[in-house]
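Please keep the sequence and the coordinates at hand as you read.

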2 protein chains.
Amino acid sequence: MEKNIIRTFSKNMKRLRVDAKLTQEELSFSSELHRNYISDTERGKRNISLKSVEKIAKALNVEPIEFFRDID
Amino acid sequence: MEKNIIRTFSKNMKRLRVDAKLTQEELSFSSELHRNYISDTERGKRNISLKSVEKIAKALNVEPIEFFRDID
């Protein structure tokens, strides 16, 4: 399957959230991003910006680079 | 200096563009992004989206992860 940044990001986001033992609700609260935004982003339905990447990374206590690791 | 994703991205973008021996004009053409958009992004003046990151990465023939390497 061809590499796709949205797919790579969303798969890593879910993995990192589960590793951090946070629910989407908790991630939404700590990232100050709406619950639907978090859910849509995790399902690869949003083309988010770098600043949103940074908010999610800080809320999960990881570096932004972690979202761009190969997933296959 | 506190880490900042926009700063990290823009510094890496310039480094990768110079490494690829492309001018901003050439990168603009190959990424299908406007010349001012490329220039503003490289100066850290834009909060770009993942799909734009992907366009720039493809135009520079690098993986998106390269833009998020530590710069300090």
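This is a predicted model: local features need pLDDT of at least 70, side-chain atom pairs count only at pLDDT 80 or more; totals for chains, interfaces and linings use all residues.

Residues are numbered from 1 along each chain as its sequence is written, chains are lettered from A and ligands numbered from 1 in the order in which they are written, and side-chain values use heavy atoms, with hydrogens and water left out.

**Helix α3 in chain A**

Helices here are DSSP runs of H or I with at least four residues, numbered from the N terminus. A residue is called buried under 20% relative accessible area, exposed over 50% and partly exposed in between, using a 1.4 Å probe and protein chains only. Helix α3 of chain A spans residues 35-42, and six of its eight residues are buried, so the helix is largely enclosed by the rest of the structure. Those buried residues are A:Tyr37, A:Ile38, A:Ser39, A:Asp40, A:Thr41 and A:Glu42. They pack against α1 (5-19), α2 (24-31) and α4 (50-60) of chain A, where contact means heavy atoms within 4.5 Å. After α3(A) comes A:Gly44, with a positive phi near 75°.

**How α2 meets α3 in chain A**

Two packed helices are described by the angle between their axes and the distance between the axes. For α2(A) and α3(A), the angle is about 115° and the axes are 8 Å apart. Axes are lines fitted to C-alpha atoms, for helices over the stretch in contact, and angles run from 0 to 180 degrees between N-to-C directions. On the α2(A) side, A:Gln24, A:Glu25, A:Leu27, A:Ser28 and A:Ser31 meet A:Arg35, A:Ile38, A:Ser39 and A:Glu42 of α3(A). The residues of this contact divide into two nonpolar, four polar and three charged. In this scheme Ala, Val, Leu, Ile, Met, Phe, Trp, Tyr, Cys and Pro are nonpolar, Asp, Glu, Lys and Arg are charged, and the others, Gly among them, are polar.

The C-alpha atom of A:Glu32 is separated by 9.6 Å from that of A:Ser52, 20 residues apart along the chain.

**Helix α3 in chain B**

In chain B, six of the eight residues of helix α3 (residues 35-42) are buried, so this helix is largely enclosed by the rest of the structure. The buried residues of α3(B) pack against α1 (5-19), α2 (24-31) and α4 (50-60) of chain B. B:Gly44, which follows α3(B), has a positive phi near 75°.

Which residues does B:Thr41 touch, not counting those up to four places away in sequence? B:Thr41 touches B:Phe9, B:Ser10, B:Met13, B:Arg46 and B:Ile48. B:Thr41 lies in helix α3 of chain B and is buried, with a relative accessible area of 2%.

Definitions and conventions: Helices (H or I, at least four residues) and strands (E, at least two) are DSSP runs, numbered from the N terminus.
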